[in-house]
There are 2 protein chains.
Amino acid sequence: MAEDRTEISSLGEFGLIDHLTKNIEHKNASTVLGVGDDAAVIDHFGKQTVITTDLLIENIHFDLIYTPLKHLGYKSVIVNISDIYAMNATPTQITISLGISNRFSLEALDEFYDGVYAACDKYGIDLVGGDTSSSQKGFIISITAIGEVSPDKFVQRSTAQKGDLLCCSGDLGAAYLGLIFLEREKKIFLESPDVKPDLEGEEYVIGRLLKPEARKDIVEFFESSDITPTSMMDISDGLSSEILHICNQSKIGCVIYEDKIPINEETRNAAFKFELDPTACALSGGEDYELLFTVSQKDYDKLVLNEQVSVIGYMTEPEKGKKIITKGGSEYDITAQGWNAFTIK
Amino acid sequence: MAEDRTEISSLGEFGLIDHLTKNIEHKNASTVLGVGDDAAVIDHFGKQTVITTDLLIENIHFDLIYTPLKHLGYKSVIVNISDIYAMNATPTQITISLGISNRFSLEALDEFYDGVYAACDKYGIDLVGGDTSSSQKGFIISITAIGEVSPDKFVQRSTAQKGDLLCCSGDLGAAYLGLIFLEREKKIFLESPDVKPDLEGEEYVIGRLLKPEARKDIVEFFESSDITPTSMMDISDGLSSEILHICNQSKIGCVIYEDKIPINEETRNAAFKFELDPTACALSGGEDYELLFTVSQKDYDKLVLNEQVSVIGYMTEPEKGKKIITKGGSEYDITAQGWNAFTIK
């Protein structure tokens, strides 16, 4: 944290907005008019516009005890643009509204915006608008992300077909274990403030929680490989919940294989340390921000060239339900909580 | 208030979204894909996209003691689309994110959404997305409004020219007096809960506060009369503050005439009752959601045909400053607080 403390109120609303946005340089031709008027103007020049929004509330979605403000700013952008990529689209702009309690200094807010701008730079996004307000309690972040996609090239959740391969990007379950770890350290800290947290060996899972990335590379891979997923969404609430969304909205079933679910070695080790099942963490833990998608079988040869993609199962007739085959060969129903071990088939 | 109480938690997040959005029928061809996926898809078919966002926080922006939830839902939409009209654009979609504390029942939320949908119906807007979350304290509303405008027909704040006429729509100051009145009634109510509020004669100012409208008609009038304002913004923070925005962003001065500022008779009466100067209420009171704009003098003949438009002054060279000529013929500097009576020129 910076040592200086400047009260936000000393700048006034317009002074604050000017301070936070004065260095913006637009990166996208689609940004016709940015911050500073009643509204921003965007021209996607024949492409379609994709819009998503998320509300993040202190102590509901994040805990400032173990979340650095710069990371929070970065992540706030990532969770939104992840939804844009999940439409097979490219994010181009964001707006950001903040509710700020008076315990925040200008220096703290600058740290948050450092993270916002770092994400904007990395992903080629322009900040084009927003709103700042005081809040009576807690830090409130509302971000709207705007993207573009060639006409009708967007990919929905509801269009998976029987026989399609079910795939995901990256690896799963790490962010959940990062959360478990930091919640434990918070408890220790609150009981004994002098004990230094021991992050040894947990860098990966903590990093996945505090500084996630969005899968721009996967959407670019689809483009360069001429693959159009038949359905797609991002994995924010845990793999099993998202699989059920795709199955239910597409009105079909699926089979996935436990041993195909990608789990990083460090995630696995962290799970064992907490006496948790790594597969359960991947199925039910949230905030991975990987992509879950289905592709036609004809795209298999192209798909396997990308090490960041795992084929975890395939889509079936609706009557067959949504199933997971465990490493031991047992078949279970997938439920939103992972799977229900009490209803063995 | 409805007598039944259904806990929001009894529906779950997806059940709640489904409950709140199940009756949506899209009104705009530009709405390609609405609620139910990672993001909405919009195609303005060659027009430019206009985006604005506002964050409304309980006890900062509204007080539920005297704000019916249906009115709040309606107003939340209006304050956002007012910014779209202020760009000379047409609103087409909104997204709405809510943070809800557990004191809210499903029935209360339904009342709020009744107001949201009433505004959407009246203004021809589609609700295409959003986010719902619990909040630890208070009701949090974040709305993003999306509109369309023919390429480069949007109107900025920074483009007023010397000699242009300075105009506003409707009448000013009423919402501020509505607020003063309801704050007084709230105080009386908290001291003596049995005393019924006496709204006699205050319907106009209260209505302007609780159920404002956006000036769709003015933007349509510009279109049908072939007028393009040289600059425009909406009046949400009081006339004087907005005039200073247009002057400063356009780098010019202005003169306005106190006797040309449109103030409704009921607003005037309410002001006198509270021993306030009606002009000061118009200059410094907020939340009128009228439009402030400049037009070329050549458009004067067309402009005066619209009774809802008042010409209040004209734009001058920057060196002449920003002035108000009072009814008594004195000239003062316009300040963000109205005008400063201690610096008589």
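# Close-up views of a predicted two-chain model

**View 1. Two paired strands within chain B.** In strand β6(B), B:G147 is the bridge partner of B:V50. The two strands concerned, β3 (residues 48-57) and β6 (residues 140-149) of chain B, run antiparallel and are joined by 10 bridges. Strands here are DSSP runs of E with at least two residues and helices are runs of H or I with at least four residues, both numbered from the N terminus, while two strands pair if DSSP finds at least two bridges between them. The model is a predicted one, in which local features need pLDDT of at least 70 and side-chain atom pairs count only at pLDDT 80 or more, whereas totals for chains, interfaces and linings use all residues. Residues are numbered from 1 along each chain as its sequence is written, and chains are lettered from A and ligands numbered from 1 in the order in which they are written.

View 2. Where the chains join, strand β2 (residues 40-42) of chain A runs antiparallel to β3(B), with 3 bridges between them, and A:V41 stands opposite B:V50.

**View 3. The contact between the chains.** Two residues are in contact if their C-beta atoms, placed from the backbone, lie within 7 Å. Residues are classed as nonpolar (Ala, Val, Leu, Ile, Met, Phe, Trp, Tyr, Cys and Pro), charged (Asp, Glu, Lys and Arg) or polar (the others, Gly among them). Chain B brings 47 residues to the contact, and chain A brings 47 residues. On the side of chain B that touches chain A, the elements that each supply at least two residues include α2 (69-85), β4 (90-100) and β8 (231-235) of chain B. Strand β3(B) gives the most to this side, with 9 residues. The residues of this side of chain B divide into 19 nonpolar, 19 polar and 9 charged.

**View 4. The axis that relates the copies.** Chain B can be laid on chain A by a turn of 180° and a shift of 0.0 Å along the axis, with an RMSD of 0.0 Å; that is the relation of a two-fold axis. In chain B, the C-alpha nearest the axis belongs to B:G46, which lies 3.0 Å from it. The superposition is by least squares on the C-alpha atoms of residues with pLDDT of at least 70 in both copies. Of the interface residues of chain B, 100% are also interface residues in chain A, so the copies meet through the same surface.

**View 5. Two domains of chain A.** Domain bounds come from an automatic or database domain assignment, which gives chain A a domain 1 (8-149) and a domain 2 (165-339). The C-alpha centres of these two domains of chain A lie 27 Å apart. In contact across them are 15 residues of domain 1 and 19 residues of domain 2 of chain A. Helix α2 (residues 69-85) of chain A gives the most to the side of domain 1 that touches domain 2, with 9 residues. That side of domain 1 has, by class, 9 nonpolar, 4 polar and 2 charged residues.

**View 6. A hairpin in chain B.** Strands β12 (residues 322-325) and β13 (residues 331-335) of chain B pair in the antiparallel sense over 3 bridges, and the bridge partner of B:I324 in β13(B) is B:Y332. Their hairpin has 5 residues between the strands, and in it B:G329 takes a positive phi near 90°.
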